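Please read the account below alongside the sequence and the model.

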Amino acid sequence: MRRALVLLFVVACGDSSTTGFGSKGIGDGNDPRAPADAGTLVEGDGGTILTTNDVDGDGAPDAEDCDPTSPALRRRVAEDSLTGDEGLFAAAGGFPAASWSYESGYRQTRLLDASDASLFVSDTDVGDVQIEVRTASTETGAITPRLRQIFLVVGASDAGGSLLAHGCGIEVVEGMTPEPKTSIVKLDGGTTNVVTTALQRVTRPAVQTNEELSIKLRLEDGAMTCDVTQGTGAAAVVTTATANGLGNLRGRVGFFTRQTKALFKGVRICNLK
């Protein structure tokens, strides 16, 4: 006669939309903050075995799954409120570490006609992925020509003091009518001269200083979708930029800013494959 003893497990990721973020570390099984695999202990004639719970059948154990009810979102790379330093992010190579600090979130604190980048530390080979974050521009100045940028970045390399990445997020671009854009771009160049190549720019409402918004980047099979949500509830406005044919983008993920101080809160990074 067999008896099944069910282990209690907790899942706190929600669905594929941004509903809020807890504080979870890296779900690779090697980090002490990562939840242990949850499963069912089955006791039979051959002894007791542990069968892993995987409700949606996507190959990611429920305790490590960004959404255990959806096969689209798989293993959680990271989920954190960014209210304290958990060692998840650090300034990209060649960029000043002093630009980043923790104060009610992860803050980029430098306001110059220059770029800042901070990349996820523990996984340098992220492929198809979905990233969500809440962010705000906390201060801007009279820097011209205007190219204010707050991006999530994927496929990033920071070798040799040079950044190569693709970004998704918000821009203010002088000379465009209107200037505020939701954009997908390619970023390439040395730390003092990162060149922006726009892949798609879509007009969006203006963002006020300290106004929180959400950015969701989804990269799958060489196609990127970038959703920017301003406002909440029935008043929310979503603008979407898309880009295809990007190839097999693999590398680091993180944040990029230019000509603005910025605040990042509540990040969630999920593998899609």
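How many aromatic pairs does the count come to? The count comes to nine aromatic pairs, where rings of Phe, Tyr and Trp (its six-membered ring) pair if their centres lie within 6.5 Å, and planes under 30 degrees apart count as stacked, over 60 as edge-to-face and the rest as tilted. One of them joins Phe255 and Phe264, which are stacked at 4.2 Å centre to centre with 15 degrees between the planes. Phe255 is buried at 1% relative accessibility, and Phe264 is buried at 0%; buried means under 20% relative accessible area, exposed over 50% and partly exposed in between, with a 1.4 Å probe and protein chains only. Ring pairs also link these two residues with Phe89, Trp100, Tyr102, Tyr106 and Phe120 into a cluster.

This is a predicted model, in which local features need pLDDT of at least 70 and side-chain atom pairs count only at pLDDT 80 or more, while totals for chains, interfaces and linings use all residues. Residues are numbered from 1 along each chain as its sequence is written, and side-chain values use heavy atoms, with hydrogens and water left out.

The chain has 18 strands and zero helices; both are DSSP runs numbered from the N terminus, helices being H or I of at least four residues and strands E of at least two. Of its 273 residues, 47% are buried. Contact means heavy atoms within 4.5 Å. Among contacts in the chain with a separation of 6 or more, 65% are between residues 24 or more positions apart. The chain exposes about 11900 Å², and carbon and sulfur atoms supply 50% of that area, computed by the Shrake-Rupley method with a 1.4 Å probe, with only the protein chains shown counting as cover for residues.

Now the backbone. Most residues other than glycine have a negative phi, and most peptide bonds are trans. The bond from Thr144 to Pro145 is cis, with omega near -10 degrees, and Pro145 is in the loop between strand E9 (129-139) and E10. Another cis bond joins Thr177 and Pro178, with omega about -5 degrees; Pro178 is in the loop between E11 and strand E12 (180-190).

Leu82 has a positive phi, near 60 degrees, and sits in the loop between strand E4 (76-80) and strand E5 (89-91). Ser104 also has a positive phi, of about 60 degrees, in the loop between strand E6 (100-102) and strand E7 (106-108). Leu82 counts as buried because its relative accessibility is 0%, whereas Ser104 counts as exposed at 52%.

Gln149 is in strand E10 and is buried, with a relative accessible area of 0%. Beyond its neighbours within four places in sequence, Gln149 is in contact with Ile170, Glu171, Thr196, Phe256, Thr257, Arg258 and Thr260. Lys261 is 112 residues from Gln149 in sequence, and their C-alpha atoms are 9.7 Å apart.

Strand E10 (147-157) and strand E11 (162-173) each supply at least two lining residues of the second largest pocket. About 230 Å³ of space lies in this pocket. Of the 15 residues that line the pocket, the closest to its centre are Ser137, Thr140, Arg148, Val172 and Val207. A pocket here is an open set of points on a 1 Å grid over the protein atoms alone, where a 1.4 Å probe fits, with protein on both sides within 12 Å along at least five of seven lines; lining residues have an atom within 4 Å of a point.

Notes
Grid points are joined across faces, edges and corners, and a volume is the space filled by probe spheres set on the points.
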